[in-house]
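Colleague: I have the model open and want to go through some contacts with you. Can we start with a pair of helices?

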Amino acid sequence: MKRWRALAVLGTAQFLMVLDTSVMNVSISRLVEDFHTDVTSIQAVITLYTLVMAAFMITGGKLGDMAGRRRAFAVGLAVYGVGSALTALAPALWVLTLGWSVIEGLGATLVLPALAALVAGAYRGRERAIAYGVIGGLAGAGIAVGPLIGGWVTTYLTWRLVFAAEVVVVVAMLACVRWIPDSPPSSRPRLDVVGVVLSAAGLALVVLGVLQSGAWGWLRPRHVPFTVLGYSPTLFVIAAGGVLLWLFQAWERRREARGRDPLVRFSLFGIPPLRAGLSMLLAQNLILLGLFFTVPLYLQIVQGFNAFQTGLRLLPTSVTMLVSALSGPALGRIAGPRTIVRSGLAVLLIATLWLISAIRPDIDNLSFGAAMAVLGLGMGLLASQLGNVTQSSVAEAERGEAGGLQYTAQNLGSSLGTALIGSLLIGALVSVFTTRLEGDPRISDAVRQETGVAVEGGVSFVSTAQVKDAAERSGLSPQETDAVVDAYTSAQIESLKAAVLATSGITLVGFAFTRRLPTERLTATTGQGAAP
């Protein structure tokens, strides 16, 4: 059994990374209350966490190549533990952001690429296939039990205990890190500092623009720090990020052509199955994190459920996702990745459309639970194939770099999912709310104008009780207060439906990226090389 001790440490690390995000998603309402902030601010914290990982994951992989994978894994765990401790003790939102979004995120960028390489180095043949299966299963288990554990601890104790417990687990893993056979790199590349700066800045600006679009507006400026030619800065910030990313790829191609070590070898993107797999990983996480940001808002803000009750209603998604993800090897014996992924997308489309009908003022637990279960089934089918597609698309020597690209695509999708879907939700909330107010005869022109000014100054997704309290404090008559509350209640439901509908659209677009997925069955350990 000694040979499996390494897998116990590596699998625990994978479980910890997934559990962390699940806890934060079901604790949104409690975090808003504890830090006296709003949903948009917590959305920014969640987005920044995944953005840090997306921006620096490839860099983390390169640092592992330079310093050794086991050392990078241990250092990453230590950094992650420091971030967890700071998060558990955070007295203010900025400390939470520093501890969780920045320090934990940076720790994860060292842990995850090293983890993938260490699994490959510790096991061969059939044992490697089993090890990857266990790692994938533990990731699914983290998704499955994360909302429930996090919800229970948040509701009956405090979310801070989860992060305090993480510190204890990290210390235990560091004590056992020598169980893992080191995987010495075949070469010692030099870090491309210019590439790191260009890629991180470019990704940050793109996600920042999308994240702030709800507050700033896409074209017409709302609550903006500055304007550009009279327009909202949103598209200009995104465009600036795009320019930096273009400069990044030009710089990387130049380094590669001159025989220097690039941060990313863009020639890998010439491999169609790899390109398709990365595109689908980005889309999958965009949809998943977008929904896992939207659905807790519906359950906690609209329905008034606590974190534990929210976790219970997310459990059907987690369970079916775990089961269908673990079915990947069996499905792979009868169908190719393209067929399975397309089937997953079809199931996912059905689930999102079903979920739209299940979002209503008074929740139907049976219909909602069934929709969430189908959602998990579709997500699991995608998860069962895409990692193997990515790794099987390249030769053995290129799998470390492919793993870095894989985690980058996943975390970029996660950050864009939270930012984009959150932005669409707030935008729809503002649009529907103002439209309802304009058409309601119970509201005077003065109140309508005053409310419009308040909305232009910024809006957040809050409960109807808070809206009613604000209306009464403003001196509105009972009739006008009821009208404002009715308009906001309608806007809540419609904006949530619009956000889920956006994920349906992304699912449809995803079909276009499946064309280059392999049609033949893949084994767990056989690469296809770099041929298209």
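Predicted model: local features only at pLDDT ≥ 70, side-chain atom pairs only at ≥ 80, totals over all residues.

Colleague: Which residues of α17 and α18 meet?

Modeller: Thr-464, Val-467, Lys-468, Ala-471 and Glu-472 on the α17 side meet Thr-481, Val-484, Val-485, Tyr-488, Thr-489 and Gln-492 on the α18 side. Contact means heavy atoms within 4.5 Å. By class, that contact has five nonpolar, four polar and two charged residues. Ala, Val, Leu, Ile, Met, Phe, Trp, Tyr, Cys and Pro count as nonpolar, Asp, Glu, Lys and Arg as charged, and the others, including Gly, as polar.

Colleague: At what angle do α17 and α18 pack?

Modeller: At about 150 degrees, with the axes 9 Å apart; α17 is residues 464–473 and α18 is residues 478–510. That makes α17 roughly antiparallel to α18, a label for angles over 145 degrees. Axes are lines fitted to C-alpha atoms, for helices over the stretch in contact, and angles run from 0 to 180 degrees between N-to-C directions. Helices are DSSP runs (H or I, at least four residues), numbered from the N terminus.

Colleague: Left-handed or right-handed crossing?

Modeller: α17 passes α18 in a right-handed crossing.

Colleague: Now α4 and α7. What angle there?

Modeller: Helix α4 (residues 69–89) and helix α7 (residues 160–175) pack at about 155 degrees, with axes 8 Å apart. α4 is therefore roughly antiparallel to α7. The crossing of α4 past α7 is left-handed. By class, their contact has 13 nonpolar, three polar and two charged residues.

Colleague: Which residues meet there?

Modeller: Among them are Ala-74, Leu-77 and Tyr-80 in α4, and Phe-163, Val-167 and Met-173 in α7.

Colleague: Different topic. How many salt bridges?

Modeller: The count comes to two, taking a salt bridge as a side-chain nitrogen of Lys or Arg within 4 Å of a carboxyl oxygen of Asp or Glu. Arg-255 pairs with Asp-192, the closest N and O atoms being 3.7 Å apart. Arg-255 lies in helix α9 (residues 234–257) and Asp-192 in the loop between α7 and α8 (193–216), so the pair ties together parts 63 residues apart in sequence.

Colleague: Are Arg-255 and Asp-192 buried or exposed?

Modeller: Both Arg-255 and Asp-192 are buried, where buried means under 20% relative accessible area, exposed over 50%, and partly exposed in between (1.4 Å probe, protein chains only).

Colleague: And which side chains does Arg-442 bridge to?

Modeller: Arg-442 meets Asp-486 at 3.2 Å, N to O. Asp-486 is in helix α18 and Arg-442 in the loop between α15 and α16 (445–456), 44 residues apart. Asp-486 is partly exposed at 42% relative accessible area, and Arg-442 is partly exposed at 31%.

Colleague: Back to α18. What does Thr-503 touch?

Modeller: Thr-503 is in helix α18 and is buried, at 0% relative accessible area. Leaving aside neighbours within four places in sequence, Thr-503 contacts Ile-287, Leu-291, Thr-352 and Ile-421.

Conventions: Residues numbered from 1 in each chain as written. Heavy atoms only, no water. Helix = DSSP H or I, 4+ residues; strand = E, 2+ residues; numbered from the N terminus. Parallel < 35°, antiparallel > 145°, perpendicular 65-115°, else oblique. Left-handed = near helix turned anticlockwise from the far one by under 90°.
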